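Subject: Handing over the structure

Hi,

Here is the structure I promised to pass on to you. Have a look at it first, and then read my notes below.

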Amino acid sequence: MDSILTSVKKKLGIMEDYEHFDDGDIIDHINTAFFILNQLGVGPDEPFTIEDDTAEWSDFKEDGNLEAVRSYVAYQVKLLFDPPSSSHLVENINQKIRELEFRLLVEAEKDKLPEADMSGVYV
């Protein structure tokens, strides 16, 4: 099982069976990251949300580079849930978020382009 909640908690350094912050904190922040991705055109047409640890990454997106989505969600949750005390680390994470947003946006736009019909083209 590739649970979204479990993998994000792991990146935050939270044990899988520690559920104190799941409802209202971590799940809300994960859903916020998915909301932002939806506005960027990444993932399903309808906003994607999770409610517990049963939602898997493949439920969000079956093809493409899920690693970038996973990193993006983890960085967003890190800044919202447990931001570093160092402003340099915060800026570093913000730079990574901006880069991932750009790359995910480019990938989403590329996926929306129609396939070119090259049948009548002679070279």
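This is a predicted model: local features need pLDDT of at least 70, side-chain atom pairs count only at pLDDT 80 or more; totals for chains, interfaces and linings use all residues.

Residues are numbered from 1 along each chain as its sequence is written, and side-chain values use heavy atoms, with hydrogens and water left out.

Now the overall picture. The chain has five helices and zero strands, so "helix" and "strand" need a definition: they are DSSP runs, H or I of at least four residues for helices and E of at least two for strands, numbered from the N terminus. Reading along the sequence gives α-α-α-α-α. The C-alpha atoms fill a box of roughly 65 × 35 × 20 Å along the principal axes.

How much of the chain is buried? Of its 123 residues, 33% count as buried. Buried means under 20% relative accessible area, exposed means over 50%, and partly exposed is in between (1.4 Å probe, protein chains only). As for contacts (heavy atoms within 4.5 Å), take those between residues at least 6 apart in sequence: 60% of them join residues at least 24 apart.

Helix H1

H1 is mostly covered, with seven of its nine residues buried. Those are Ile4, Leu5, Thr6, Ser7, Val8, Lys9 and Leu12, and they pack against H2, H3 and H4.

Two of these residues are worth a click. Thr6 sits in helix H1 and counts as buried because its relative accessibility is 18%. Setting aside neighbours within four places in sequence, Thr6 is in contact with Glu16 and Asp53. Ser7 is also found in helix H1, and its relative accessible area of 13% makes it buried. With neighbours within four places in sequence left aside, Ser7 is in contact with Trp57 and Arg70. Ser7 and Arg70 are 63 residues apart in sequence, yet their C-alpha atoms are 8.5 Å apart in space.

Helix H4

H4 covers residues 66-81, which is 16 residues. Why does its length make sense? At 1.5 Å a residue it should span 22 Å, and its end C-alpha atoms are 22 Å apart, so the two agree. (The expected span is 1.5 Å times one less than the number of residues.)

The buried residues of H4 are Leu66, Ala68, Val69, Tyr72, Val73, Ala74, Gln76, Val77 and Leu79. What do they pack against? Their partners are helix H1 (4-12), helix H2 (22-40), helix H3 (57-60) and helix H5 (87-112).

Gln76 counts as buried because its relative accessibility is 11%. Not counting residues up to four places away in sequence, Gln76 touches Ala33, Ile36, Ile97 and Glu101.

H5 has 26 residues, so at 1.5 Å a residue it should span 38 Å; its end C-alpha atoms are 37 Å apart, which agrees. Its buried residues are Ile93, Ile97, Leu100, Leu104 and Ala108, and what covers them includes H2 and H4.

The axes of H4 and H5 come within 10 Å and cross at roughly 145°. (Axes are lines fitted to C-alpha atoms, for helices over the stretch in contact, and angles run from 0 to 180 degrees between N-to-C directions.) On the H4 side of this contact you'll find Ala68, Val69, Ser71, Tyr72, Tyr75, Gln76, Lys78 and Leu79, which meet Val90, Ile93, Asn94, Lys96, Ile97, Leu100, Glu101 and Leu104 in H5. These residues divide into 10 nonpolar, three polar and three charged. In that count, Ala, Val, Leu, Ile, Met, Phe, Trp, Tyr, Cys and Pro are nonpolar, Asp, Glu, Lys and Arg are charged, and the others, Gly among them, are polar.

One more residue from H2

Leu40 is found in helix H2. Not counting residues up to four places away in sequence, Leu40 touches Glu101, Leu105 and Ala108. Leu40 and Met15 are 25 residues apart along the chain, and their C-alpha atoms are separated by 31 Å.

Cheers
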